[in-house]
Amino acid sequence: MSMKKKRIWIIAVLALSLPMLLSISAFAAGDVSGAIQSTWVAAKAQVQSVVDNVVFPVVDMILAILFFVKVGTSYFDYRKHGQFEFAAPCILFGCLIFTLTAPMYIWTII
């Protein structure tokens with residue numbers, strides 16, 4: 001075996017074995033699911049407020065802009081080729097309706 005292949009093998013073995021040798025196993029002490037649930041209960045109101053007041057409006061605005069741009073480009077394609085493409089505007093409109101109504105029911109699902 002050539003020196004270059006030996007060096008590659010040594011590097012590969014070290015790269016694979018060092019993380020196993022230097023890692024430490026972490027074991028949970030106590031009720032982990034209870035800690036997660038209590039944390040969620042404590043932070044639920046804040047998360048819900050941020051998602052309802054920031055995330056959904058941003059997504060709605062992006063989808064509305066994309067919808068109107070796609071309707072405009074579809075109209076210009078219709079004028080150029082004589083065929084209106086309905087798929088993309090319909091998908092964007094469906095996503096827009098979904099995200100506009102999602103804050104009313106998403107928290108009952110979660």
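**Aromatic rings and nonpolar core**

Phe93 counts as partly exposed, at a relative accessibility of 41%. The model in which this residue is described is a predicted one. Phe93 belongs to an aromatic cluster together with Phe67 and Phe68.

**Aromatic pairs**

- The model contains six aromatic pairs.
- One of them joins Phe67 and Phe93, whose ring centres are 5.6 Å apart and whose planes form an angle of 40°, a tilted arrangement.
- Because Phe67 lies in helix 2 (residues 32–81) and Phe93 in helix 3 (residues 87–109), this pair ties together parts that are 26 residues apart in sequence.
- Phe67 is buried, its relative accessible area being 14%, whereas Phe93 is partly exposed.
- Tyr75 and Phe76 also form a pair; with 5.8 Å between the ring centres and 55° between the planes, the pair is tilted.
- Tyr75 is partly exposed at 40% relative accessibility, while Phe76, with a relative accessible area of 57%, is exposed.

**Nonpolar core**

- The largest nonpolar core has five residues: Leu63, Ala64, Phe67, Leu92 and Leu96.
- At least two residues of this core come from each of helix 2 and helix 3.
- Helix 2 makes the greatest contribution to the core, with three residues.

**Contacts of Leu92**

- Leu92, itself a member of the largest core, is in contact with Leu63, Leu66, Phe67 and Lys70 when its neighbours within four places in sequence are set aside.
- Among these partners, Leu63 and Phe67 also belong to the largest core.

Technical notes. Residues are numbered from 1 along each chain as its sequence is written. This is a predicted model: local features need pLDDT of at least 70, side-chain atom pairs count only at pLDDT 80 or more; totals for chains, interfaces and linings use all residues. Side-chain values use heavy atoms; hydrogens and water are left out. Rings of Phe, Tyr and Trp (its six-membered ring) pair if their centres lie within 6.5 Å; planes under 30 degrees apart count as stacked, over 60 as edge-to-face and the rest as tilted. Helices (H or I, at least four residues) and strands (E, at least two) are DSSP runs, numbered from the N terminus. Buried means under 20% relative accessible area, exposed over 50%, partly exposed in between (1.4 Å probe, protein chains only). A nonpolar core is a set of buried Ala, Val, Leu, Ile, Met, Phe, Trp, Tyr and Cys residues joined through side-chain atoms within 4.5 Å. Contact means heavy atoms within 4.5 Å.
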